[in-house]
Amino acid sequence: MKKAPHVTVKKVSRESGEWRTRFEAFYSDCEIRRVDKLPHAYFAAYSGDEIAGHSVVYFEKGRWVMDGLRVKPEFRERGIAKALTEARIRHALEQGAKEVWYACEDGNLVTICCHLRYGFEKVCPHEHCNAATAHWYRLKITPQLFEKFPALKPGRAAGHSTP
Ligand SMILES: CC(C)(COP(=O)(O)OP(=O)(O)OC[C@H]1O[C@@H](n2cnc3c(N)ncnc32)[C@H](O)[C@@H]1OP(=O)(O)O)[C@@H](O)C(=O)NCCC(=O)NCCS
């Protein structure tokens, strides 16, 4: 049987023209908010040179917000989304975040895989939620979080998926 290639999650260290072209292609069929003018960090999962997954965390109005989580279909269900989410939470913590936020629709798989498991809770004051479409979720950083998910501790290396 052919072994699945190893996938490594890394912060995008240089937002070069070449990376930008690949970024545009990766999200070509969906809406992704441009956050380049805000403090932010992109995290990508690489299988060799190929981008297998991509995501961003950005800082706006006093909040660290995760967005743009996407894994290519052929790389799904191997823990890549989890690794990208943990890398983004660690990044926010390293920048001093006491909370991390995320917005998405009810029932979206992203919610199941990447919010609820870590303890994100829905927060829906009307100035944040746009009616029936998307809802905000907040993760409060507590000592218990690190007990349950030691990989979230700041300073840990970005994870990789298990093949
Ligand atoms: C949601 C998504 C990011 C998950 O990526 P992934 O790498 O497959 O997720 P992971 O392997 O890290 O799985 C995380 C958890 O979600 C669960 N999960 C993943 N895919 C699942 C599926 N199809 N059904 C049920 N649960 C699923 C896993 O069971 C896992 O939990 P567990 O470890 O406790 O079992 C991926 O399916 C995706 O990219 N979907 C499209 C999103 C998209 O295009 N958004 C638009 C952005 S612009």
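Which loop does K61 lie in? That one gets its own panel below, along with a few other close-ups. Everything here comes from a predicted model, where local features need pLDDT of at least 70, side-chain atom pairs count only at pLDDT 80 or more, and totals for chains, interfaces and linings use all residues. Numbering starts from 1 along each chain as its sequence is written.

**Panel A. The whole chain, for orientation.** The protein chain has four helices and eight strands; helices (H or I, at least four residues) and strands (E, at least two) are DSSP runs, numbered from the N terminus. Read from the N terminus, the order is β-α-β-β-β-α-β-α-β-β-α-β. Of the 163 residues, 29% are buried, meaning that 20 or more other C-beta atoms lie within 10 Å of a residue's own; 12 or fewer makes it exposed, anything in between partly exposed, and C-beta atoms are placed from the backbone. Among contacts with a separation of 6 or more, 61% link residues 24 or more positions apart, a contact being two C-beta atoms, placed from the backbone, within 7 Å.

**Panel B. Two loop residues with positive phi.** K61 sits in the loop between β3 (50-60) and β4, and its phi is near 50°, a positive value in a residue other than glycine. K61 counts as exposed because it has 7 C-beta neighbours inside 10 Å. E77 belongs to the loop between β4 and α2, with a positive phi near 60°. Its 10 C-beta neighbours inside 10 Å are why E77 counts as exposed too. For background, most residues other than glycine have a negative phi.

**Panel C. Helix α2, mostly tucked away.** α2 has 15 residues and reaches 21 Å from its first C-alpha to its last, close to the 21 Å expected at 1.5 Å a residue (the expected span is 1.5 Å times one less than the number of residues). Because 12 of those 15 residues are buried, α2 is largely enclosed by the rest of the structure. The buried set includes I80, L84, E86, R88 and H91. Just after the helix, G96 takes a positive phi of about 100°.

**Panel D. The largest nonpolar core.** This core has 32 residues, and A45, V57, I80, L84 and V100 have the most contacts inside it. A nonpolar core here is a set of buried Ala, Val, Leu, Ile, Met, Phe, Trp, Tyr and Cys residues joined through C-beta atoms within 7 Å. Elements supplying at least two residues each are β1 (7-11), β2 (40-47), β3, β4, α2, β5 and β7. The largest share, seven residues, comes from α2.

**Panel E. Around the ligand.** There are 18 residues around the ligand, and C30, R76, A81, K82 and C113 come nearest; a residue is near if its C-beta atom, placed from the backbone, lies within 6 Å. β4 (63-71), α2 (80-94) and α3 (109-114) each give two or more residues to this shell. By type, the shell splits into 11 nonpolar, two polar and five charged residues, with Ala, Val, Leu, Ile, Met, Phe, Trp, Tyr, Cys and Pro as nonpolar, Asp, Glu, Lys and Arg as charged, and the others, Gly among them, as polar.

**Panel F. β7 and its partners.** β7 (residues 135-140) pairs with β5 (residues 99-104) in the antiparallel sense over six bridges; pairing takes at least two DSSP bridges. β6 (residues 121-123) also runs antiparallel to β7, joined by three bridges. R138 in β7 stands opposite W101 and opposite E121.
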